[in-house]
Amino acid sequence: MKKHIPKIALIIFVIMLVGSFFGLDLEQYLTLANLKSQQMTFRAYYQQHQVLTLLVYFSVYVLMAALSLPGAAVMTLAGGAFFGLFTGSIVVSFASSIGATLAFLVSRFLLRESVQGKFGEKLAAINQGIEKDGAFYLLTLRLVPVFPFFVINLVLGLTPIRVLVFYVVSQLGMLPGTIIYVNAGTQLAKIESLQDVLSPALIFSLVLLGVFPLIAKTLVATIKKRRVYAQWPKPKKFDYNMVVIGAGSAGLVASFIAAAVKAKVALIEKHKMGGDCLNTGCVPSKALIRSAKMLSYTNRAKEFGFKSGNLDYDFSDVMQRVKNIIQKVEPHDSIERYTDLGVEVIQGAATIISPFSVAVNGRELTTRNIVVATGARPFIPPIVGLDQIDYLTSDNVWELKSLPRRLVVLGGGPIGSEMTQAFARLGSQVTQIEMMARILIREDADISALVQSKFEAEGVRVLTGHQAKEVRIEGDRTFLVCKNETGSVEIEFDQILVAVGRAANAKGFGLEELGVVLRQNGTIETNALLQTNFPNIYCSGDVAGPYQFTHTAAHQSWYASVNALFGQFKRLAVDYRVIPWATFTDPEVARVGLNIQEADEQGIPYEVSEYGIDDLDRAIADSEAHGLVRVLTKPGKDKILGVTIVGAHAGDLIAEFVLAMKHNLGLNKIMGTIHIYPTLAEANKYVAGKWKQANAPQKLLKWVGKYHAWMRG
Ligand SMILES: Cc1cc2nc3c(=O)[nH]c(=O)nc-3n(C[C@H](O)[C@H](O)[C@H](O)COP(=O)(O)OP(=O)(O)OC[C@H]3O[C@@H](n4cnc5c(N)ncnc54)[C@H](O)[C@@H]3O)c2cc1C
């Protein structure tokens, strides 16, 4: 309630002022006739008390504009009539701009949060447009005198345009109109009605002036587009509506969508259908993690009531299981399946030879659109001597036949951490090296610490703040030399797995020759429609960034295909607001939206509600009573900003919050939803309960307590 007091006070204040204006019928003084009749009196007063008159006029103008009261046109004429063209224009220009900005701020303060909260999703495209081109739109609105002054102020207040931009552009945009009206005011006798001020010809000129910035912008964009395509003649006919390069998560979804809407689509893959996720990424890693988990359970046999647990196993059998699992999933991404869906699948390496044609296997395919979905590969850091040994990456680790005895895992990100724990559980002596101060650096510090302590408890040596510099070979022994705060450390190893990030596959198949722009990190630069600087070449998945997940690749591909195939009717900006992910360590770490560290970095105020999973009945029954659910909400509001879950099945548990955030549901709704007992999902309800408790209306509850006492007699 306390937080609403300033808003309520402002509303009362505004209502009082506006009410007084109409109640006292002050409008009667703001007519052309009245102005004409009083002109001489006011002018004479101005001659005697110049500063005072200017100040009073200025203040009244600002107040009227700020309160969106009618009469701005008469007030502006009065500016000319009293002060002349020069002084009048200056005073009106500042007063109207300051007043407009105050009205804008009032609207923003009172309404923006609730409007954006309710319609945020629908307004997303408008918000993005305003953030990018808001100044242009505003300038047009200000220059064209048919858009009411006060409506622009109030509506723009609801958008994300910056206050300073609003002020400056408003002052500039209103200047021509201001000068016209002030000038008319200097010749008041000639004006019979307000319509006389703006002749149709003058309105037309202003409209021209107003739309000029937009026309110029469109023209520049068209010229740019033409220049980009200048040397590439467009074929009269195309073989395909869309050619997709790469049959990983991104390419499969893009071609699936195109085929589903009956477009003619070719999908070109040079290696294996399914790309990284199926063959060297998500699927094998999760399969390996599962086998490793079996082993970890046998080590915990006593916790589950068994005297001992002993699993006899061959590492090669475990790796065979991983291969079998890939084979089981393969049909989902197979050539047969996609051919049945209506996609023409072509095996071969694609090269883009023009924005409208792709070469493969000596054939040239002409196409209206291209979707580049060529993925990423393991990034290999420049470590001296690394190229002298057979190092492992996520590409070839699946070919291992025997378990590395001493394994160094380079990298404390999600892939490095998942592999560290899996190999340690399978029996390798693992040393995990991370250059930063902690592993899983994107997560909150205590979450990283939680995972690290679990690793250490399972026998992993975690060396954070260690930068790998050199691989040193001494006879048949190999060492990794790392620099740390105190000097350097050498770690002897049998195998090293490099997992320090992934580099986009954006080179070597025609993009450079064409002039497609890349970002500094090597990913392909796209706009929000996922277009490259060639508007008919789209891009999705790891090669586009900024996320490198299977689900974000699929999400982007939907936007890329729909924009490519239906962009002439409707174009959709990719929506990155609610992106979840999980790191499949034990405990799993899942996240959607902001965590504490990001909220702090971005200066976003938040309230934290936390529920410890050690308290949860089902987790206790499962001997998985560890971890937490952490929810960040807007202070005093039922608006979820972000959630982190650590614990068993965190990646599944977070789905409820992803849905809630996507559809603007708050913790009240989660609390009011029945969750099955006993499940891990109850943790979501309990954290909502914690939030509710912390936000309970204490004063009201005191009164309720008194009521009950009274009822007891
Ligand atoms: C070990 C590991 C674990 C992972 N775990 C997860 C996870 O649990 N969850 C998750 O969401 N993500 C995970 N990822 C990330 C996920 O695998 C990727 O984000 C996803 O595969 C990206 O899909 P993509 O289609 O962009 O690229 P890719 O899957 O790499 O597909 C690109 C395809 O393009 C082909 N190609 C490239 N150039 C050409 C050319 N010129 N002509 C024809 N074909 C070409 C390639 O052969 C490849 O098949 C993991 C990654 C790794 C490495």
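Guide: Three strands build an open sheet, ordered S11-S12-S13, with antiparallel pairing. Strands here are DSSP runs of E, at least two residues long, and helices are runs of H or I, at least four residues long, both numbered from the N terminus. Two strands pair if DSSP finds at least two bridges between them. The edges are S11 (467-474) and S13 (487-493), each pairing on one side only. On average, neighbouring strands of this sheet are turned by 25° against each other, direction ignored. S12 (residues 477-484) pairs with S13 over seven bridges, in the antiparallel sense. Phe479 stands opposite Glu492 in S13.

This is a predicted model: local features need pLDDT of at least 70, side-chain atom pairs count only at pLDDT 80 or more, and totals for chains, interfaces and linings use all residues. Residues are numbered from 1 along each chain as its sequence is written, and side-chain values use heavy atoms, leaving out hydrogens and water.

Now the helices. The axes of H3 (residues 50-66) and H4 (residues 72-83) come within 11 Å and cross at roughly 165°. Therefore H3 is roughly antiparallel to H4 (the term covers angles over 145 degrees). Axes are lines fitted to C-alpha atoms, for helices over the stretch in contact, and angles run from 0 to 180 degrees between N-to-C directions. Residues of H3 including Leu54, Tyr57 and Met64 are part of the contact with H4, where Met75, Gly79 and Phe82 are among the partners (contact means heavy atoms within 4.5 Å).

How values were computed:
Angles under 35 degrees count as roughly parallel, over 145 as roughly antiparallel, 65 to 115 as roughly perpendicular and the rest as oblique.
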